[in-house]
Each structure stands twice: as C-alpha cells, then as structure tokens.
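Look at the structure first, then read on.

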Amino acid sequence: MHEISVLENLREIIEAQAQEQHFSNVARVTLAIGKLSCVDPEALRFGFAAVMKDTVAERAELIIMEIPALGFCGQCKGQTTMELLYDPCAYCGAPLTEIVQGRDLRIVDLLVS
Amino acid sequence: MCGICGCGEPAGQTKLKPVTGRPRYVFNPASGYHTGIPAAELNSSGQKRLLNIDQDLFAKNDIYAAQNRSFFRQHQILVLNLLSSPGAGKTTLLVETIKRMQDRIAIAVIEGDQHTERDAERIRVAGVKALQINTGRLCHLEADMIGKAVTQLNIEDRSLLFIENIGNLVCPSAFDLGESYKVVILSVTEGDDKPLKYPDMFHAADLLIINKTDLLPYVDFDVANCEEFARRVNPNIKIIRLSSTNHENFKAWTDWLSAGIETD
C-alpha cells in the first residue's frame, strides 16, 4: 500500500502551503492521476481521511481526475491512446516506443479558506 | 474563455473522465491541469481561494534519488536494485554472487524487509558489509532510506552495492532509489504470466532473471512464454535464465555485472 507514502507527501505539501499561503482550512484537494500511474485511486481515497486527520485538510473533499494515457509509435510517428502499459499502437500494431502522457501523479490545486 | 467549463483558461482539448461525480473537469495540454471551476464563482464567495499547486507527488523521493545517484556516480559505485516477490530467491542469488565476485570488487548490501535481521545476517556470513532496513508497515524502500543507509555503511569507492528491496512486485517499482539498474527476479515456481499481471515492475526493470531453472522439470512454467510476456511489457528488457543452486548459467549474470562495473 504505497499509496500511504503518496498521501503522506501530499500532507507535507498541504502543510507547507498552509504556512506560506496563510490558510487554516482546505475544502477540496484535487489530484490528477495518469491512467498508467502506479497508484490506485481507490486506495488513495481509502487512506485520505486517515492521513489528513488533525490537519488543515481534515474535512477536505478529495477529487481525483484521471488523465488519459497516450503513447508514441516510432513506426507511424503518431500518438495513440493506451489502456495498459503494453498496449501496441492502435494503428499499426507495433510496440509503442514512449509513453507521452498518463504516468504522472500530481496535486493540481487546493480550494482553501 | 474556456468553452467547456466557462473558466478563464483557454478551451481544453481532451475531456477528462472524472472519477468522482463532479462534472466539468478539463485537461488542457497547453496550461496543464485545472479543475474547471469558473473563476467568477470562486471570487464571488469572497472566502474560498483556489490555489494552483501543480506539484508531483513523487517529487520528494525523486530529489533524494537524484542525490543518491550523484553520490554513486562520484564514488563510482555500481548499484543494483533487486526486486521480486517474496521467495523468488533474491538472498540466495546474492550469497552466490558474493562468493564469486568478492575477490574482484568490494561489495556491500542493503537489505530491506518489513521485519527481522535474518537476511543481513546471511549476507554477513558470506563475508561482506550488510545493513538491514526494517520498514515496519511499509511495503517498499524509499530513496531517503538508501541515502541514510549508505552513510552508515561507509561504502568504499568503486564498489558494488546491492539493494535487496522488499519482496513485492507492486509498490517498489514506483520508487526510484538512485540505482544504476533495476533487476527483477522471477522464479519458475511462480507463474510465467507474472510480467502481464504486474506490468509496472517489468516495465521499469533493466534486467529480468528467471531463477531456479533447476526446478523446471517439476513445474508448469513456460520460459518462452514468460520471456515473450516480459518483452511485450518492456521491449528493451535483458533476460538471463539461471539457477542459484546448481549454478547453471550463473556466469551470464556475473558477466553482466562485470560489464556494468567496467562501464560504470
């Protein structure tokens, strides 16, 4: 359950922001999770309340946006959508040479007061 | 103004599938991500502020990993991050490797396990420096643990450092430790379809060792299938079949290490 480590990093970022930006309450936390990132949105949701307990984000709503995955095909020099890490090119069937988008895991924004 | 959600950003091109029920999420490749809440709606409340953060949640680990990598490069230490499910034979492989290579190069080992000092003790018996990290509830090693362990171990320049990660084919793949190579070890007593079941791990690895080949006559494991699955997930993966107990093809692994030491 490495999602707990990810949530602990999120808590650190929120706490640092609370100091810098002077807020005492977070109403909403928005994360962007690539479809091929190695975290499970359900596990994040499951651990969120526990990790945020006793912090400014204790009552925050967690929004998770799923970022679609895109791969680059070296053969047809184009981009194709991906569902799995080993999806071949949807046009020519060749193995994809690069994952262009969909591996990241980012905190997008915070709605604070 | 964005035509999809009415916010101040230019229109997004790819509509996101929101995982929760909230509508109006937009992915905009030009400006990054934004949640599509109209700016006016936020300001009118006068109380709530929307702070754009846009930070990677693995950034902290990646910073420590970069520090480790630069330290290892500076001191010419070749670092192998060994990954597998529990029981694939990582420690036995290591003990055999140490026996064959310790006359040629200084070796140190960082052992990761949730509990006990047992693996580090096995390694020390083999005659090299070993430090055990007990992660407790944690299912993987992180880069800052490696940084601290390296300081404690006082590793010599131009040595070979093995990091035996927690036995787990999922979580450790996500954490860069600053290693030179990731080596995934799969034993033939596991399923040959593991690369397809745990693609993140095999996608991240540089080398796959198919271990315990001495047991092939007794198990239903198709090596060719396994290799095909691994290459499907990672076309660049190098594969070595070997046995740490009857030493079949073990030299291919030590040769691969020797080549790494020379180019390091």
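**Fold and sheet**

Q: How many helices and strands are there in chain A?
A: The model is predicted. Read along the sequence, chain A follows the pattern α-β-α-β-β-β-β-β. The count is 2 helices and 6 strands.

Q: Is chain A more spread out or less spread out than a compact globule?
A: For 113 residues the globule rule gives 13 Å. The radius of gyration of chain A is 17 Å, well over that value. The C-alpha atoms fill a box of roughly 55 × 25 × 15 Å along the principal axes. Chain A is therefore more spread out than a compact globule.

Q: What percentage of the residues of chain A count as buried?
A: Buried here means 20 or more other C-beta atoms within 10 Å of the residue's own. Of the 113 residues of chain A, the share that passes is 42%.

Q: Among contacts in chain A between residues at least 6 apart in sequence, what share joins residues at least 24 apart?
A: A contact needs C-beta atoms within 7 Å. Of the contacts in chain A at least 6 apart in sequence, the share joining residues at least 24 apart is 70%.

Q: Which strands of the open sheet stand at the edges?
A: The sheet has 3 strands in chain A, in the order E4-E3-E5, with antiparallel pairing. Each edge strand has a single partner, so one side of it is left without a neighbour in the sheet. The edge strands are E4 (78–82) and E5 (98–101) of chain A.

Q: Which residue in E4(A) does A:Gly71 stand opposite?
A: Strand E3 (residues 69–73) of chain A pairs with E4(A) in the antiparallel sense over 5 bridges. Opposite A:Gly71 stands A:Thr80.

Conventions:
Residues numbered from 1 in each chain as written. Chains lettered and ligands numbered in written order. Predicted model: local features only at pLDDT ≥ 70, side-chain atom pairs only at ≥ 80, totals over all residues. Pairing = 2+ DSSP bridges. Helix = DSSP H or I, 4+ residues; strand = E, 2+ residues; numbered from the N terminus. Rg over C-alpha atoms; globule rule 2.2 N^0.38 Å. Buried ≥ 20, exposed ≤ 12 C-beta atoms within 10 Å, placed from the backbone. Contact = placed C-beta atoms within 7 Å.
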